[in-house]
Amino acid sequence: MQDLPLELHILKSFHGHLGPYVVLGYKMGKMARERFPEKIYANVYTGNKPPLSCLVDGIQLSSSCTLGKDNITVHKGGFAMANFMDEAGNKMVIELKKEIRDKVDREMSKVGEEERSLELFRMEDEDLFDVNLTMVNRPSQTSTGRR
Ligand SMILES: [Zn+2]
C-alpha cells in the first residue's frame, strides 16, 4: 500500500477505515472551513446509512462542525450533499457530482478501498463537487457604504 498523507492517517484512525465517502466528506468540510474560518454550522443530507453516511465523519474532522458542539445536523435524504453557514447567514452548498457518486457507488467494495479513496483525495475539488455560494448582502460589505 502507498504511504498515506498525515491527514488521511488521522482520518482513518478517527473513522476506523478509509473509504471514499469519509474522504469526500473530509474534503467538503475543508472547503467549507476555508470559506468560513469563524463560527460555522453544517447540515448534512446523507441520512444515517453507511457507506454514504461516512461522509458525516469526514465533515466533522475537517470542518470543526461536531455532534458534541451541536453545530452539525444530519438529515434524512440519501444525498451526498451538505450545506454550511456562518453566523451572518452566508451559505455554501456542496454536493458530490452525480458522475462521481455513480462511479464511487459502482466501485464500492472493501477491495482496493484505500487506493480508490486516495485517488479521490488527490482530485481537484472542482472536479468532484458542485458548489453554490450565497453571500448575505450586509451593509458593511457594500461598495457604496461609508468609508
Ligand atoms: Zn466509513
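A residue is called buried if 20 or more other C-beta atoms lie within 10 Å of its own, exposed if 12 or fewer do, and partly exposed in between, with C-beta atoms placed from the backbone. The model is predicted: local features need pLDDT of at least 70 and side-chain atom pairs count only at pLDDT 80 or more, while totals for chains, interfaces and linings use all residues. Residues are numbered from 1 along each chain as its sequence is written.

The chain has six helices and five strands, where helices (H or I, at least four residues) and strands (E, at least two) are DSSP runs numbered from the N terminus. Their order along the sequence is α-α-β-α-β-β-β-α-α-α-β. The chain is as compact as a globular protein of its length, because its radius of gyration of 16 Å is close to the 15 Å that the globule rule gives for 147 residues. That radius is taken over C-alpha atoms, and the rule is 2.2 Å times the number of residues to the power 0.38. The C-alpha trace spans about 60 × 30 × 30 Å along its principal axes, and buried residues make up 33% of the 147.

Two packed helices are described by the angle between their axes and the distance between the axes. Here axes are lines fitted to C-alpha atoms, for helices over the stretch in contact, and angles run from 0 to 180 degrees between N-to-C directions. Helix α2 (residues 20–35) and helix α3 (residues 54–63) have axes that come within 6 Å and cross at roughly 35°. Residues in contact across this pair (C-beta atoms, placed from the backbone, within 7 Å) include Y21, G25 and R33 in α2, and C54, D57 and S63 in α3. By class, this contact has 12 nonpolar, five polar and three charged residues. Ala, Val, Leu, Ile, Met, Phe, Trp, Tyr, Cys and Pro count as nonpolar, Asp, Glu, Lys and Arg as charged, and the others, Gly among them, as polar.

Helix α3 also packs against α1, at an angle of about 125° with the axes 10 Å apart. The two are therefore oblique to each other; angles under 35 degrees count as roughly parallel, over 145 as roughly antiparallel, 65 to 115 as roughly perpendicular and the rest as oblique. L11, F14 and H15 in α1 meet C54, D57, G58 and L61 in α3.

F14 belongs to helix α1 (residues 6–15). Not counting residues up to four places away in sequence, F14 touches D57 and L61. F14 is partly exposed because 13 other C-beta atoms lie within 10 Å.

How values were computed
Contact = placed C-beta atoms within 7 Å.
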